[in-house]
Amino acid sequence: VKLSDLIKNLSVTVPDGYSLDIKIERLNTLKDGKEGELSFLHNKNYTSQLKESRVSAVLIHKNSLSNTPENIVPLIADNPYIELAKASKLFATPFESSDRGEAVVGENTEIDSSVHIGNGSVIGKNVRIFANSYIGDGVTIGDNSIIYLNVSLYKDSKIGKDVIIHSGSVIGSDGFGFATDSTGEHIKIYQNGYVEIGDSVEIGANCTVDRAVFDKTVIRAGTKIDNLVHIGHNADIGENSILVGQSGISGSTTIGRNFVLGGQAGVAGHLKIAPFTTVTARAGVTKSIRDSGKYWSGFPLFEHRKWLKLQAKISSLLK
Amino acid sequence: VKLSDLIKNLSVTVPDGYSLDIKIERLNTLKDGKEGELSFLHNKNYTSQLKESRVSAVLIHKNSLSNTPENIVPLIADNPYIELAKASKLFATPFESSDRGEAVVGENTEIDSSVHIGNGSVIGKNVRIFANSYIGDGVTIGDNSIIYLNVSLYKDSKIGKDVIIHSGSVIGSDGFGFATDSTGEHIKIYQNGYVEIGDSVEIGANCTVDRAVFDKTVIRAGTKIDNLVHIGHNADIGENSILVGQSGISGSTTIGRNFVLGGQAGVAGHLKIAPFTTVTARAGVTKSIRDSGKYWSGFPLFEHRKWLKLQAKISSLLK
Amino acid sequence: VKLSDLIKNLSVTVPDGYSLDIKIERLNTLKDGKEGELSFLHNKNYTSQLKESRVSAVLIHKNSLSNTPENIVPLIADNPYIELAKASKLFATPFESSDRGEAVVGENTEIDSSVHIGNGSVIGKNVRIFANSYIGDGVTIGDNSIIYLNVSLYKDSKIGKDVIIHSGSVIGSDGFGFATDSTGEHIKIYQNGYVEIGDSVEIGANCTVDRAVFDKTVIRAGTKIDNLVHIGHNADIGENSILVGQSGISGSTTIGRNFVLGGQAGVAGHLKIAPFTTVTARAGVTKSIRDSGKYWSGFPLFEHRKWLKLQAKISSLLK
């Protein structure tokens, strides 16, 4: 999209002297964004990222104009986040498209006749896909993977080798992102990223892994996920992690390798969790964890031994 | 059903002098019930509702006979709730029926060939329905709505305009209602109501919204629901609410507009929650909330600031 | 499999003097195992079970050799659990097979044309199976049962009479079991058991019930399960229990009759719960419960009255 066309759909103003004759191909964060991409500054804590960003244009409040580098076109808005939501719709691609060419299926792969195989998808060798699963446009599936029943792989999902996905799991549905206007209405931020699942990952039944808003949600190689687990958009789960049943990880949280998350436990969004961290069942993580190799429990979260001690103290209140 | 026929299937007695030659068309609560409907009094706290009810007949324990208005036929039972369960079965309609006429589909609507479209359903314009979804008998879907993969819309669901329902969600499955007899066996209360979803609602992947036992479960316009969320029967969720992943709302709870429910949080049944209430992640609400606009946390629930203070006090037990 | 062939795939040594010319038909626990079966000793707490086991061969660490009865062939491994994982793969049977003969369907049973009916399955009379459900190989379904939409019944599931399974539920997907090697990689323990569901059980929407690793996961007659509930492998849920929405029961836990588990509550694995136990919403059970008929709350768990008292004490810290 040409920037001059894009801004016709937005409530923004551009200071004099900037060329609008540039192409915007994608939305992205300030941090990861590159030339040809549009970003936004919604939270002043990220002002330093604006100063170093390499995007071509940015949605900002007028107060941030002085912090915008010369080579980035500032799109000034009363509420940059709402303008982002509007822009995200313009970059959304159709769920199914006839433009993506024929699917390619490897040798010795068996696919149930009820399975939808999207255009442009590439399925490896020795793959099994069972009844009523759906392989969206542009999905790739590595060799030897097994997709059980009623599995939904939304467009552009990338599934590694030796992956197992159990029935009813949904990979790549929209991340949960909205901009709320002054009347309390929520405007959808279209989720234009995708999901990437590493080799030898196993995902249980009726799990949900949301597609990224930009870029990707990642589950790294060797991670094993139980049933009814939720992974939010743009999360990044380290290698060989274990996520037990009914646990959940919110959006944009990055987790190191060999993480263990107990049953019904949860991790809030936008955190960083050190590798080899264990969080016991029903615990809730709301802050980043910097030291690796520790056990954590409870909500609020404590180191496991401290939590045990604290529970003993609490229990002694009854005496 | 004629009342005289209905009571042949129940263990009830009727005092002399009442006419059984009336038609009962539906079950309903004492409060909402109208002429031609049968209700029940299971819990003495609702005796005042009995006194003012407009139903035509009521299942009661003999102790409540004196509180039954003259114009309501009392059906006296040892356990009115069990008789209600038995009666509910008689009013259940088939899941699929050939009696409901042809479906009507609007212009420019695209429906995957694998989708079942039930009799008597009415689907608006510009709707998209993707693979393996099921549209039950008598379902209505408003213009521009998107139903993704493997979605189940049970009979009589009413879906508004501009609604998005992600894959694997189940709308209108039976509410969880049973009457337990003296041997500990649970007798199903058939759920003869339906689900109504307002305009611009978005429902994530693998959610469940139960049909009402009588009347309807309601999700009002503009509400956005994340993945793996559960909504119980007869709940009523206000406009523009946000329900984050793995949260749940139990049956018969009524919630005001712009409610926010954090991830893995829950709300018990039969409560009233004021508008603009925020409940943070992992909190549990067990009492009604009367004051609007407040933040709440924890389980048991406290106002958020109090909860923070309390956690500091608790934590100081370790010193 | 002949034991001599089996051990070619494993990293084990066998002391002199044992015959490897025996047939191993199945894996099993030390406690339940019979002649012709292979077991393992992973945790020294179970040494007494080794001494009394009736299996034909056992994977053990060399330290346990002296505790192995004469009639059991010891397979000595550095990590017996990893060798168990390797062995489990050898006993896994295909998800779909042409060897199991034709399905048998009873009178007056109606099955939607989109439903897959596996080989060797036996479906009773008056059964209803709705769109996009999948009945795996060797599944049995008793008379009058109703299987709603998109339900997955994996191979060998046994479903009783008068059972109702709501849409999207997955019965018999793999239990969550892995052996972790010294590099932190998780090796799948193939789940070669099955699920058995008793008469008059009702299972809500989008639930998951995992198949057993050996033997079976059991849900006994009359139990009613709400939506989004997870049941781990080898769990055994007593008659007429009630499991409310989003609750979960971990693997190998045995529960007595008329158990009630509140919404979003959880029970850890390998526990025994006495009959007529009630666990309130959002509670977490981590220890066995020996006395029947009691109410429990909170996490950590307390008897309900104690928990109420404790919450009052905690709350008074604010004064």
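**View 1. Gln264(A) and the residues around it.** Contact here just means heavy atoms within 4.5 Å. Gln264(A) sits in the loop between strand E29 (260–261) and strand E30 (266–267) of chain A. Helices (H or I, at least four residues) and strands (E, at least two) are DSSP runs, numbered from the N terminus. With a relative accessible area of 10%, Gln264(A) is buried. That label means under 20% relative accessible area, while exposed is over 50% and partly exposed is in between (1.4 Å probe, protein chains only).

A quick note on conventions: residues count from 1 along each chain as its sequence is written, and chains are lettered from A, with ligands numbered from 1, in the order in which they are written. Since the model is predicted, local features need pLDDT of at least 70 and side-chain atom pairs count only at pLDDT 80 or more, whereas totals for chains, interfaces and linings use all residues; side-chain values use heavy atoms, without hydrogens or water.

**View 2. Chain C laid on chain A.** A 120° rotation with 0.0 Å of shift along its axis puts chain C on chain A, at an RMSD of 0.0 Å. The two copies are thus related as by a three-fold rotation axis.

**View 3. Where chain C meets chain A.** Chain C brings 43 residues to the contact and chain A brings 36. About 3100 Å² is buried between them, 60% of it from carbon and sulfur atoms; this is the accessible area (1.4 Å probe) that the two parts lose on being put together, summed over both. Phe176(C), His186(C) and Phe299(C) supply 21% of the area that chain C buries against chain A, more than any other three residues.

**View 4. The salt bridge between chains C and A.** The rule finds one salt bridge across this interface, taking a side-chain nitrogen of Lys or Arg within 4 Å of a carboxyl oxygen of Asp or Glu. Lys188(C) pairs with Glu202(A), their closest N and O atoms being 2.8 Å apart.

**View 5. Lys188(A) with Glu202(B).** These side chains also meet in a salt bridge, 2.8 Å from N to O. Glu202(B) lies in strand E20 (residues 202–203) of chain B and Lys188(A) in strand E18 of chain A, so the pair joins two chains. Glu202(B) is buried at a relative accessible area of 5%, and Lys188(A) counts as buried at 9%.

**View 6. Lys2(B) with Asp21(B).** Here the salt bridge has an N to O distance of 3.4 Å. It links distant parts of the chain, 19 residues apart: Lys2(B) is in the segment before helix H1 (3–6) of chain B, and Asp21(B) is in the loop between H1 and strand E1 (26–27) of chain B. Lys2(B) is partly exposed at 37% relative accessibility, whereas Asp21(B) is exposed at 55%.

**View 7. Helix H3 of chain A.** Buried residues of this helix (residues 80–90) include Ile82(A), Leu84(A) and Ala85(A). Strand E2 (37–40) and strand E3 (57–60) of chain A are among the elements that cover the buried residues of H3(A).

Key. Copies are superposed by least squares on the C-alpha atoms of residues with pLDDT of at least 70 in both.
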